[in-house]
Amino acid sequence: MRPSFCSLLLVALAVCAVFGVCDGEDKLKMNYYHKTCPSAETIVRDMTWSKVAANSVLPAKLLRLHFHDCFVRGCDASVLLDSTTNTTAEKDASPNRSLSGYNVIDDIKARLEEECPEIVSCADILTLAARDAVSYQFQRSMWQVLTGRKDGRTSLASDIYGNLPPPSADFQSLRQLFVSKGLNVMDLVALSGAHSIGMSRCGVIARRLNNFTGNGDTDPSLDSDYGDTLRRECGNPLNPSTSLDMDPDSSLSFDSHYFKIVSQNKGLFRSDAALVTDPQSAKMVEEMLQKDQLFFVRFAQSIKKMGAIGVLTGDEDEGEIRKHCRVVN
């Protein structure tokens, strides 16, 4: 029997009570550094915008880095830590090996350490930089970022599995995962809109394209013409390293066009296609398709919630301010 939404919500509330993953916004505040490092957010924005101006794919990279950080152990910059002799870090787990943008965070952190030593956390830098990278296109901040996060001291590759939504996920597993993080169906749909920018590779969709049920077939939820296009781009035999736009013709523009392709069964991943298999989420997809600005409003609300998952604040035993984002102090 499939779990009902109410039962999933009860699970989420229990997780919130035990682990505190849902009350993070109460621990954070606007302009947290206004006294201790007044120029912090300006430095992050100016450096991020300068780097995006020189590299148009950075918004997708930094946004993905932020997602992968928050969904594993909370938004504590654990994804930035390097592996050590004794532990394999999150960034070296298979689903994270394609992450990039670490050097951008390193450069911003180095500048902030010059300005305000040991004040601004790597977790806040990553959260702000993801917002600012996407915002460069609009030349204004697209959502509020609350600050005051501390950096975690632990990063384990083994924590990845079961905490990141795979591209092959169906709707029920996506909803269950999001609920476990204190997020709802609206957040699932809105945050999926991050796929309006960025790239993937043919290897990620190989099974969906050529062997969906193990019989050399294609996922029937994929538009047949689009499937033919993908097969031509990926080649025969399929080249797993060939790059693919996640939102064809709009992969560098953060907008609601993603919902148009999803409604046409042209989402690249099965997890994209899953959004129209549930009546509630399908209605939300249609709403954001019909009302362009609604996507920006809902995305802003949802990513603010996501940015508060499992945050570390307060006492030193709950986190630290790293001097270098790749290593603990």
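These notebook entries record what I looked up in the structure.

**Basis**

I worked from a predicted model, in which local features need pLDDT of at least 70 and side-chain atom pairs count only at pLDDT 80 or more, while totals for chains, interfaces and linings use all residues. Residues are numbered from 1 along each chain as its sequence is written, and side-chain values use heavy atoms, with hydrogens and water left out.

**Entry 1: nonpolar cores**

I began with the cores, a nonpolar core being a set of buried Ala, Val, Leu, Ile, Met, Phe, Trp, Tyr and Cys residues joined through side-chain atoms within 4.5 Å. Buried stands for under 20% relative accessible area, exposed for over 50%, and partly exposed for the range in between (1.4 Å probe, protein chains only). Which residues touch the most other members of the largest nonpolar core? I found L63, L65, L80, I105, L112, W143 and F299, in a core of 78 residues. Helix 6 (residues 122-135) supplies the largest share of this core, nine residues. Helices here are DSSP runs (H or I, at least four residues), as are strands (E, at least two), and both are numbered from the N terminus. Another core, of 11 residues, lies apart from the largest one and has L209, Y226, M246 and F269 among its members. In soluble globular proteins, nonpolar side chains tend to be buried together.

I then listed the contacts of L80, taking contact as heavy atoms within 4.5 Å. Beyond its neighbours within four places in sequence, L80 is in contact with L65, K91, Y102, I105, C122, L126, R322, C325 and R326.

**Entry 2: H66**

I looked up H66, which is placed in helix 4. Is H66 buried or exposed? H66 counts as buried because its relative accessibility is 2%. With residues up to four places away in sequence not counted, H66 touches L126, T127, A130, I303, M306 and G307.

**Entry 3: helix packing**

Two packed helices are described by the angle between their axes and the distance between the axes. Axes are lines fitted to C-alpha atoms, for helices over the stretch in contact, and the angles run from 0 to 180 degrees between N-to-C directions. Angles under 35 degrees count as roughly parallel, over 145 as roughly antiparallel, 65 to 115 as roughly perpendicular, and the rest as oblique.

I examined helix 4 (residues 58-70) with helix 5 (residues 102-115): their axes are 9 Å apart, at an angle of about 85°. Helix 4 is therefore roughly perpendicular to helix 5. L58, L62 and L65 in helix 4 meet Y102, V104 and I105 in helix 5. By class, this contact has six nonpolar, no polar and no charged residues; Ala, Val, Leu, Ile, Met, Phe, Trp, Tyr, Cys and Pro count as nonpolar, Asp, Glu, Lys and Arg as charged, and the others, Gly among them, as polar.

Helix 3 (residues 40-54) also packs with helix 5; the axes come within 10 Å and cross at roughly 145°. I noted that A40, I43, V44, M47, T48 and K51 in helix 3 meet V104, D107, I108, R111, L112 and E115 in helix 5. The residues of this contact are seven nonpolar, one polar and four charged.

I next took helix 8 (residues 185-192) and helix 13 (residues 279-290), whose axes come within 10 Å and cross at roughly 45°. These two helices are therefore oblique to each other. V185, M186, V189 and A190 in helix 8 meet Q280, S281, M284, V285 and M288 in helix 13. The contact of helix 8 with helix 13 has seven nonpolar, two polar and no charged residues.

**Entry 4: backbone features in loops**

Where is P237 placed? I located P237 in the loop between helix 10 (224-234) and strand 2 (243-245). N236 and P237 are joined by a cis peptide bond, with omega about 5°.

D249 has a positive phi, near 70°, in a residue other than glycine. D249 lies in the loop between strand 2 and helix 11 (257-263), and counts as exposed because its relative accessibility is 82%.

N265 also has a positive phi, near 60°, and belongs to the loop between helix 11 and helix 12 (270-273). At 35% relative accessibility, N265 counts as partly exposed.

**Entry 5: E318**

I found E318 in the segment after helix 14 (292-306); at 30% relative accessibility, E318 counts as partly exposed. E318 and D151 are 167 residues apart in sequence, and their C-alpha atoms are 8.6 Å apart in space. Leaving aside neighbours within four places in sequence, E318 is in contact with K27, R153, L312 and T313.
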